[in-house]
Amino acid sequence: MIQRVQSIFLVLVAACMIGLMFFPIWNKVDREKNEKVELTAFSFEHTKLDIETKEINVLSEGQTFYIAILALMAAGLALYSISRYENRLLQMKLGALNSLFMGAVMGLSVYHVYQAERMIAPLEQGNYLISFYLGVSALLFNLLSNRFIRRDEKLVRSADRIR
């Protein structure tokens, strides 16, 4: 039932989690050494630009596809939760599980940021990019959807008592 407020928030959760997979999460640039470290949901790369040949050399890289898998699972769970509108208690449980998935996405992202932070220019700070904020937004939207699901459940229970 898409016209319910919590359903709209759950769609926003899914959109944020899917969007997280297409944009970079974090990067850091050292202009003196012409080096760059970038973290996405699928990988992180430490590259260096060779000024003379204009060639980009990959110094190190790693796979972080498990961030994308968790984000995809969170998006799927949010969409599945929309279809369970008849059973609000199940929806609340799914929302709690979804919070765990999204917390794992954010926790892994921050872990990799701290690992990559030491690769170049340890005194300078990197930049959190749009995907990091999409993850935070998804957590907020999930919190709001759970609040509205709980409010609906209380309303139904109070109506049952009146009968």
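## Helices and strands in a predicted model

Colleague: At roughly what angle do the axes of helix 1 and helix 3 cross?
Modeller: The two axes, which are lines fitted to C-alpha atoms over the stretch in contact, with angles running from 0 to 180 degrees between N-to-C directions, come within 13 Å of each other. This is a predicted model, in which local features need pLDDT of at least 70 and side-chain atom pairs count only at pLDDT 80 or more, while totals for chains, interfaces and linings use all residues. Residues are numbered from 1 along each chain as its sequence is written, and side-chain values use heavy atoms, with hydrogens and water left out. Helices (DSSP runs of H or I, at least four residues) and strands (E, at least two) are numbered from the N terminus, and the axes of helix 1 and helix 3 cross at roughly 20 degrees.

Colleague: Which helices do the buried residues of helix 2 pack against?
Modeller: Helix 2 covers residues 65-83, and its buried residues (under 20% relative accessible area, 1.4 Å probe, protein chains only) include I67, L70 and L77. In contact terms, meaning heavy atoms within 4.5 Å, these buried residues pack against helix 1 (5-20) and helix 3 (88-117).

Colleague: Which residue of strand 5 stands opposite W26?
Modeller: Four of the five residues of strand 1 (residues 26-30) are buried, so this strand is largely enclosed by the rest of the structure. Strands pair if DSSP finds at least two bridges between them; five join strand 1 to strand 2 (residues 35-39) in an antiparallel arrangement, and two join strand 1 to strand 5 (residues 127-128), also antiparallel. In strand 5, the residue opposite W26 is Y128.

Methods: Expected span 1.5 Å × (residues − 1). Buried < 20%, exposed > 50% of the residue type's maximum accessible area, 1.4 Å probe, protein only.
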